[in-house]
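This note sets out points for a colleague who is reading the structure beside its sequence.

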Amino acid sequence: MTDENVLRVQGISKSFGGVTAVDNVSLAVKRGSITGLIGPNGSGKSTLFNLISGAEKKNPGGSIEFEGRAIDGLPPHRRSALGLGRTFQTPRLFTGMTVLENTMLAPRGQKGERPFVAPFRKRWEGQEIELAKKAQEQMTRLEIDKLYGKLTSEISGGQMKLAQLSTALMEDPKMLLLDEPTAGVAPRLAQDIFQSITDERQQKGTTFFIIEHRLEVLFKHVDTVFVMHQGRIIAEGRPESIVKDKKLIDAYLGS
Ligand SMILES: Nc1ncnc2c1ncn2[C@@H]1O[C@H](COP(=O)(O)OP(=O)(O)OP(=O)(O)O)[C@@H](O)[C@H]1O
Ligand SMILES: [Mg+2]
């Protein structure tokens, strides 16, 4: 069976003590789409991404399928090896390393990382150069190429978001979950980030699922938007219909 949906979530929930952060959510994300996830603060968006990526364990019941395969039982690194990448709302980069080193750490299956191959420098040298080139290209597109030699502890929050996006793209994921990719970056750069996302989708067919508070930027680039409120998905549709949806307006103004 070929399925146009790359991700399918069916009836999943997550409680923290008495708080139901994600409440019986079902949704599907189309392969090759740029899909948005919006909602007021605390509505459960990041928690939903954590359940999908495996950072948090869902309550018993429901299912998460990626490329037609149940992934709920897999640890995060196995999900990422299947091509399901993510970035965090608060960037997580390795400290004591440069931006370039961080970006190059990501790709899986690097020959140099295997203990038996590492000593034979010639075998992996070419691959490292290729990766460095790719990292450089990626960083140039996101306008952080001048930062490549800087330590990750020396860059701003917005620059960290960009470095994290760059790192995530290096893995050539099939699907990337981005948690507020433009938080803390200048408005013009926010547009550029979304342009890079659109280009990436165009070139590689990558599916993007994006949490974003800057609706004016998001809505220019997405195909579909899900609206979350108090742990539930309350609306779904194209951005132009979503903006007219009373439930959305109530969720933002009424909570
Ligand atoms: N690890 C945790 N332990 C306890 N409660 C949590 C935890 N993570 C999230 N929550 C609670 O779950 C609810 C949803 O939080 P979540 O971070 O998913 O919201 P969000 O939509 O991403 O918000 P924001 O837009 O502010 O990032 C909130 O009430 C939050 O306090
Ligand atoms: Mg969040």
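1. Methionine 175 in β7 is the bridge partner of leucine 84. Strand β6 (residues 84–86) and β7 run parallel and are joined by three bridges. Strands pair here if DSSP finds at least two bridges between them; strands (E, at least two residues) and helices (H or I, at least four) are DSSP runs, numbered from the N terminus.

2. The model is a predicted one, in which local features need pLDDT of at least 70 and side-chain atom pairs count only at pLDDT 80 or more, while totals for chains, interfaces and linings use all residues. Residues are numbered from 1 along each chain as its sequence is written, and chains are lettered from A and ligands numbered from 1 in the order in which they are written.

3. β7 also runs parallel to strand β8 (residues 207–211), with five bridges between them. In this pairing, leucine 176 has phenylalanine 208 of β8 as its bridge partner.

4. Five of the five residues of β7 (residues 175–179) are buried, so the strand is largely enclosed by the rest of the structure. Met175, Leu177 and Asp179 point one way, whereas Leu176 and Leu178 point the other way. A residue is buried if 20 or more other C-beta atoms lie within 10 Å of its own, exposed if 12 or fewer, and partly exposed in between, with C-beta atoms placed from the backbone.

5. Arginine 8 stands opposite glutamate 65 in β4.

6. Which residues surround ligand 1? The shell consists of Phe16, Val19, Ala21, Gly39, Asn41, Gly42, Ser43, Gly44, Lys45, Ser46, Thr47 and Gln89, a residue being counted if its C-beta atom, placed from the backbone, lies within 6 Å of the ligand. Two or more shell residues come from each of β2 (19–30) and α1 (45–53), and α1 gives the most, with three. By class, the shell divides into three nonpolar, eight polar and one charged residue. Ala, Val, Leu, Ile, Met, Phe, Trp, Tyr, Cys and Pro count as nonpolar, Asp, Glu, Lys and Arg as charged, and the others, Gly among them, as polar.

7. α1 is mostly covered, with nine of its nine residues buried. Glycine 54 follows α1 and has a positive phi, near 95°.

8. The largest nonpolar core has 59 residues, of which Ile52, Ile210 and Val227 touch the most other members. Its largest share, seven residues, comes from helix α5 (residues 157–170). Such a core is a set of buried Ala, Val, Leu, Ile, Met, Phe, Trp, Tyr and Cys residues joined through C-beta atoms within 7 Å.

9. Valine 227 touches Ile38, Gly39, Ile233, Ile234, Ala235, Ile242, Lys247, Leu248 and Ala251, leaving aside residues up to four places away in sequence. Contact requires C-beta atoms, placed from the backbone, within 7 Å.

10. Overall, the protein has nine helices and ten strands, and buried residues make up 38% of its 255 residues.

Key:
Contact = placed C-beta atoms within 7 Å.
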